[in-house]
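Please look at the sequence and the structure on the screen while I speak.

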Amino acid sequence: MAREADFRERQSKAPLYEQLERHARHRPHSFHVPGHKMGHSFDQGGRDRFASVLELDLTEISGMDDLHQPQGVIAKAQELAAEAFGAQETRFLVGGSTVGNLALIMTACRPGEKILVQRNCHKSVFHGIIMARAIPVFLVPAVDLATGVAAGVRREDVERALQAHPDVKAVFLTNPTYYGMGIDLAKMAATVHRHNIPLFVDEAHGAHYGFHPAFPQSAMQAGADAAVQSTHKMATALTMSSMLHLQGERIDRERLYRILGMIQSSSPSYLLMASLDLARRHLALEAAWEWERLFPLLDKLRERTRHLSWLHWPQLSANSVYSTLDPLKLFLHLRTEQIDGFSLQRLMEQHGIFPELADDAHVLLAASSGTTGRDLDALARLLESLEVQEEMDTERVVQAGIVSSHYIREQALPMHEAVDLPQVSIPLDQSLGRVVAEMVIPYPPGIPILVPGERMDEQSMAMLVELRAGQTRFHGLQDDSLQMIRVLRDEK
């Protein structure tokens, strides 16, 4: 009990946020950037909305510390975060989890070196591989045949890849997936560490893991060497605010911090960093009782909609290809052809309900400690009002799984070579067999269907045509409508 009391006493502090507040209370004369001078000059139409935070939008003046050389309040805030998240060391990220992923890959790999990568990872991982000029060894994720979505990778597949490629420098996995599915990360860490290389985890959607018994272990608790968390996604920090957690001796931290200094802004936002300080305190001290209030409401939602035969809620079972499932991810799998995920998303938005993403057969909604009973009641009432019948048969579910599992395609040449070779734009329907020169990324979730250097095949083409018809947004393309696609002009 005394140890818990000491923990709560330490975690009750928010040193960076408190220093910003102290500075603002003194009504200082600001002769430094930013130019709005703590809110004295700002657009009249937005002043009322922004006024309460502009006083805290400061820079590296005396007493405010420096993200790139932390020795004061930022260092203290990061130390408290490391304690809360069970890390040896934590660094604040103001460019989202993207900069953490980039930095880890560029730290582990020199040009031409290999890294073992889960194929259904975020685009930033691929960007990091390109920037490092590394060689990815892709791991095919297992597919949940009940929903047709890709989950995590299997330990035996990682073990086989490590034996086949003993020169890989690190293993980079995503856990949990966008849909909240996860693997037994502790067993995976043990497998990777037998080969004396680090395990990196993109834990963007798992900042809340480890803070309540209803959630799985966090990557740090499971023994990963590094974990990148989007503290703004499932916790309460401002958008773009993330953390990088570290432990163990398998990472060259000096090189890592040097690279972070290169790819993060030299003018980091103190509002973002202060929100990380407060989000950590909220997770450590306050979030648990908010989740306790939320869990019965989530159970009630599922119970209210259980009679809808066309709607399937994924459930963890002995036959699942995943080991953990985040209870905050409301993953709707549609077992009908009367309405698809894109149409349901549009209908939801017409009723003021804005989900995280949709595809042909799914809609994903992300709950959090901030989700209210009013939110969930509105969702339940809409779903109950729909006159839809179950029509999807088992064969269609299996086919959906086959499409989702098709992540490995012919890699004609390395990604970093493909992006720099001469290119040409051609109609998508004429690209079969051509080597793609750009990244094709449905967003969200930001997982590339094709990466530079891969050859367009029939399954890829069919998937892209279907997504385009559903008005999916695409990143990475010169033509974001996907009428045209860039391919290599002179193919090898």
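I begin with two parts of the chain that touch: 15 residues of domain 1 are in contact with 20 residues of domain 3, where contact means heavy atoms within 4.5 Å. This is a predicted model, in which local features need pLDDT of at least 70, side-chain atom pairs count only at pLDDT 80 or more, and totals for chains, interfaces and linings use all residues. Residues are numbered from 1 along each chain as its sequence is written, and side-chain values use heavy atoms, with hydrogens and water left out.

The size of an interface is often given as the accessible area lost when the parts come together. Between domain 1 and domain 3, about 1400 Å² is buried, with 67% of it on carbon and sulfur atoms. Buried area here is the accessible area (1.4 Å probe) that two parts lose on being put together, summed over both. Of the area that domain 1 buries against domain 3, Arg-119, Lys-123 and Ile-130 supply 39%, more than any other three residues.

Next, the helices. Helices (H or I, at least four residues) and strands (E, at least two) are DSSP runs, numbered from the N terminus. The axes of α11 (residues 270-285) and α12 (residues 287-305) come within 5 Å and cross at roughly 60°. In α11, His-282, Leu-283 and Leu-285 meet Ala-287, Glu-290 and Trp-291 of α12.

Now to the loops. Which residues does the cis peptide bond with omega about 0° join? The two are Val-33 and Pro-34, and Pro-34 is placed in the loop between α2 (15-25) and α3 (44-54). Met-38 is also found in the loop between α2 and α3; Met-38 is not a glycine, yet has a positive phi of about 60°. A cis peptide bond also runs from Asn-175 to Pro-176, with omega near -5°, and Pro-176 lies in the loop between β6 (171-174) and β7 (181-182).

Finally, confidence. The chain averages a pLDDT of 93, and 96% of the residues score at least 70; pLDDT is the predictor's confidence in each residue, from 0 to 100. Over residues 393-405, however, pLDDT stays under 50.

Technical notes
Axes are lines fitted to C-alpha atoms, for helices over the stretch in contact, and angles run from 0 to 180 degrees between N-to-C directions.
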